Each structure stands twice: as C-alpha cells, then as structure tokens.
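Biologist: Hi! Could you walk me through this one?

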Amino acid sequence: MSVTKPSNFLSTSISAISGTVSNLNHELLEYVNPEKPTHDHSSVYYKRFFISKFDLGDKAIEAKFSTPMAIADGDSMIVSGYPKDNTFQVLAYANQTQQVRHHENWIVLGLGAIFFFAVAISLLNSELVLEGALIPKLFLFGFTLVGIYMGYRALLIREAIKLISGA
C-alpha cells in the first residue's frame, strides 16, 4: 500500500491510496419515493446507491457510487478521496487490474450549482426579498447553501480525478 500526492483543497485533505483489494463487501442502498404507486415496479421511483466496502492494504475503504464498482478481491487499485471517521471515502478510482476508471460526474454537479446560484440571484432581486419577507429570504438562503455544496463537491471530485490521473 502506498499513499501518493496528498492535496489540501479548501479544508478537505484529498489523497490517493494504492494497494490490493481484500475483504470486499458490496451493498445496495435503495430509497423509494413515498408517492410511488404500489402496483408500479418501474425503476424511476427508486434511487439506488451502490456501496462497496473493502480493505486496501491496511486501510478501510468505503465507496458510494450510483453504479456498481468494477472491483474484485485481489485487484490492484488506486483510490482517491478523503478520510472520514475510521474509513477512507472514495471520490474516484482506477482499477489497474481491470483497466477501469470511474468517478461521479462533476460537470453535472457544477451545472447544478450554477442553476441554484441563478435561482438565488433571481430571488435576491425579487420585490418580496427587498420588502423583507421571511419566506423568500429562507429560500434565498437555502438555494445559496445548496449551490455552494454542489460546487464544492464538484471541485472535490475534480481534484480527486487529477490525483488518480497523475498516479
């Protein structure tokens, strides 16, 4: 196992770790829309997260992606992410054995952040906010926070991809 190129980006320390996969465990986390009709089994009503927990050398790794990871016990991998509690949270990975790289789409997150900022700016210029109404101010605050989070997450994923590409 080796730790390569730590990057301290905005207060979150992102680093890349390489090693051999052991103790692999796949899980599926599924959220169901409460308004889903009981007779309809369409996948549109489900939000699935594929969680893979494994060891990379002596480090506990956890990866949550919208698609299953291409991974097996004994694969040689490089993962990039950040430590959280006692596990390493993966933002991007490169499976050297299977020649597969994957990360969530940071461009969509960035576009989402721009959308939320645009809504916040339009609310900022609305008459209700200028008059001091509470509800529009709460919406303004909420849209701004969501935009900041989405932009921050997009930048973290982009930084994680850079670390994997350089390894």
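Modeller: Happy to. Let's start with Q99, which is exposed, with a relative accessible area of 67% (exposed means over 50%, buried under 20%, with a 1.4 Å probe and protein chains only). This is a predicted model, where local features need pLDDT of at least 70, side-chain atom pairs count only at pLDDT 80 or more, and totals for chains, interfaces and linings use all residues. Residues are numbered from 1 along each chain as its sequence is written, and side-chain values use heavy atoms, leaving out hydrogens and water.

Biologist: Where is Q99 found?

Modeller: Q99 sits in the loop between β6 (87-95) and β7 (100-103); strands here are DSSP runs of E, at least two residues, and helices are runs of H or I, at least four, numbered from the N terminus.

Biologist: And which backbone oxygen lies 2.8 Å from a polar atom of its side chain?

Modeller: That of Q96.

Biologist: Switching to helices: at what angle do α1 and α3 pack?

Modeller: Helix α1 (residues 106-124) and helix α3 (residues 134-166) pack at about 160°, with axes 8 Å apart; axes are lines fitted to C-alpha atoms over the stretch in contact, and angles run from 0 to 180 degrees between N-to-C directions. So α1 is roughly antiparallel to α3, a label for angles over 145 degrees.

Biologist: What about the core: which residues touch the most other members?

Modeller: In the largest nonpolar core, of 14 residues, they are F54, L56, M69, M77, V79 and V90. Such a core is a set of buried Ala, Val, Leu, Ile, Met, Phe, Trp, Tyr and Cys residues joined through side-chain atoms within 4.5 Å.

Terms used. Polar contact = N/O pair within 3.5 Å; in protein donor to acceptor, adjacent residues only side chain to side chain. Parallel < 35°, antiparallel > 145°, perpendicular 65-115°, else oblique.
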